[in-house]
Amino acid sequence: MSEETSVVSEGKVVVFHYTLKNDEGETIESSRDAQPLPYLHGVGQIVPGLEKKMEGKGEGDTFDVEVAPSEGYGEVQGPGPQQVDRTEFPEDVDLYEGMAFTAEAEDGTHLPLWITDIEGDQVSVDSNHPLAGETLHFDVEIISVRDATDEEIQHGHAHGPEGQQAH
Ligand code: ZN
């Protein structure tokens with residue numbers, strides 16, 4: 001094994017811990033409650049503003065990143081939530097607020113949608129990510145940096161911390 005330290009660059013798999021807070025300082029999510037998150041650098045697996053700040057960092061580095069909506073989950077766009085009948089969804093799927101799914105448009109393109117509210121048999125869906133319009137505050141700790149496997153490069157995502165969880 002080489003003693004050479006890896007820095008984050010294209011084609012590396014980075015495993016990191018993060019806590020994400022909004023502008024009000026409320027914690028939205030944290031990997032510290034579970035496992036550190038592996039991702040393949042340079043393919044847009046994480047939000048662009050965070051991915052940029054990862055570049056050149058190394059194992060053990062800790063830093064804070066502020067990400068504007070344009071470099072995060074986007075600005076809020078479109079007409080706002082739309083009402084859909086519960087029967088439009090598969091009966092055997094448990095729906096919940098914040099749930100993401102993909103709708104197929106008439107022209108065959110796929111559109112990501114999120115459930116914003118459920119009232120009886122009426123489901124509100126929106127094309128904005130729940131964090132659209134939010135300035136994101138990440139506090140990051142890099143756990144490890146390694147070369148991606150050929151398979152990970154082909155798939156365009158990381159296969160777990162050690163590259164063993166193919167999917
Ligand atoms: Zn895969």
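**From the fold to the zinc site**

Tutor: This is a predicted model. Start with contacts between residues at least 6 apart in sequence: 60% of them join residues at least 24 apart.

Student: What makes two residues count as a contact?

Tutor: Heavy atoms within 4.5 Å.

Student: How many helices and strands are there, and in what order do the elements run?

Tutor: The protein has two helices and nine strands. From the N terminus, the order is β-β-β-α-β-β-β-β-β-β-α.

Student: What share of the residues is called buried, and what is the cut-off?

Tutor: Buried means under 20% relative accessible area. Of the 167 residues, 34% count as buried.

Student: What makes a set of residues a nonpolar core?

Tutor: Its members are buried residues of the nonpolar kinds, joined through side-chain atoms within 4.5 Å. The largest such core here has 19 residues. F16, L50, M54, F138, V140 and I142 touch the most other members.

Student: Which elements supply at least two residues each of this core?

Tutor: β1 (12-21), α1 (48-54), β4 (62-67) and β9 (136-147) do. The largest share, five residues, comes from β9.

Student: Which residues does F138 touch, leaving out those up to four places away in sequence?

Tutor: F138 touches Y18, T19, L20, V47, L50, F63, D64, V65 and V67. Another core, of eight residues, lies apart from the largest one; V84, F89, M99 and V125 are among its members.

Student: Now the metal. How do you know which atoms coordinate the zinc ion?

Tutor: A donor is an N, O or S atom within 2.8 Å of this metal. H155 (ND1), H157 (NE2), H159 (NE2) and H167 (O) lie at 1.9 to 2.1 Å. These distances fall within the cut-off, so the four atoms count as donors.

Student: Why is the arrangement called tetrahedral?

Tutor: Four donors need all angles between 85 and 135 degrees. Around the zinc ion the angles are 95 to 128°, so the arrangement is tetrahedral.

Student: What is the ideal angle for four tetrahedral donors?

Tutor: The ideal is 109.5 degrees.

Student: What spacing do the zinc donors follow along the chain?

Tutor: The spacing is H-x1-H-x1-H-x7-H. H157 and H167 both lie in the segment after α2 (150-155), so this pair ties together parts that are 10 residues apart in sequence.

Student: Why is H167 called exposed?

Tutor: Exposed means over 50% relative accessible area. H167 has 57%, so H167 is exposed.

Notes. Residues are numbered from 1 along each chain as its sequence is written. This is a predicted model: local features need pLDDT of at least 70, side-chain atom pairs count only at pLDDT 80 or more; totals for chains, interfaces and linings use all residues. Side-chain values use heavy atoms; hydrogens and water are left out. Donors are N, O and S atoms within 2.8 Å of the metal (3.2 Å for Na, K and Ca); water is not among the atoms, so sites may look incomplete. Four donors count as tetrahedral if all angles lie between 85 and 135 degrees; four count as square planar and six as octahedral if opposite donors are over 155 degrees apart and all others between 65 and 115; anything else is irregular. Helices (H or I, at least four residues) and strands (E, at least two) are DSSP runs, numbered from the N terminus. Buried means under 20% relative accessible area, exposed over 50%, partly exposed in between (1.4 Å probe, protein chains only).
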